[in-house]
Amino acid sequence: MVRALAVWDCGPLGHRIREQPEEPNMPGQVGPDSALVLVRSHAAEVWRKITDLLPDREELLSEEGPTP
């Protein structure tokens, strides 16, 4: 499984999370004509999305997950 997040730190203007094109991007999926949608977010939301990228307990213990 591939998980990704695109975030811009815009300094005093806050953070922006890219909603389009959605992550993860596969080669050739995004081009010059692709839409770019950024949404303003706060630090707590960014950190929540970062922690959502981590595998949960079931994924870690599954046969297909990484070996503990």
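The model you're looking at is a predicted one. In total, 5 salt bridges turn up in the structure, and arginine 18 takes part in one of them, with glutamate 23 as its partner.

- You'll find arginine 18 in strand S2, which covers residues 15-20.
- Leaving aside residues up to four places away in sequence, arginine 18 touches Ala6, Trp8, Glu23, Asn25, Leu36, Val37 and Leu38.
- The side chain of arginine 18 also has a polar atom 3.1 Å from the backbone oxygen of proline 21.

**The bridge to glutamate 23**

- How far apart are the closest N and O atoms of glutamate 23 and arginine 18? They sit 2.1 Å apart, and the pair forms a salt bridge.

- Over in helix H1 (residues 43-52), glutamate 45 and lysine 49 are 4 residues apart, or about one turn of the helix.
- Those two form a salt bridge, and their closest N and O atoms are 3.9 Å apart. That pair counts because the cut-off for a salt bridge is within 4 Å.
- Arginine 48 and aspartate 52 form a salt bridge too, with 2.9 Å between the closest N and O atoms.
- Arginine 48 and aspartate 52 are likewise 4 residues apart in helix H1, so about one helical turn separates them.
- Which residues join up in a network of salt bridges? Glu45, Arg48, Lys49 and Asp52 do.

**How exposed the helix residues are**

- Glutamate 45 is partly exposed, with a relative accessible area of 24%.
- Arginine 48 comes in at 40% relative accessibility, which makes it partly exposed.
- For aspartate 52 the figure is 48%, and this residue also counts as partly exposed, because exposed means over 50%.

Notes. Residues are numbered from 1 along each chain as its sequence is written. This is a predicted model: local features need pLDDT of at least 70, side-chain atom pairs count only at pLDDT 80 or more; totals for chains, interfaces and linings use all residues. Side-chain values use heavy atoms; hydrogens and water are left out. A salt bridge is a side-chain nitrogen of Lys or Arg within 4 Å of a carboxyl oxygen of Asp or Glu. Helices (H or I, at least four residues) and strands (E, at least two) are DSSP runs, numbered from the N terminus. Buried means under 20% relative accessible area, exposed over 50%, partly exposed in between (1.4 Å probe, protein chains only). A polar contact is a pair of N or O atoms within 3.5 Å; within protein, one must be able to donate a hydrogen and the other to accept it, and residues adjacent in sequence count only if both atoms are side-chain atoms. Contact means heavy atoms within 4.5 Å.
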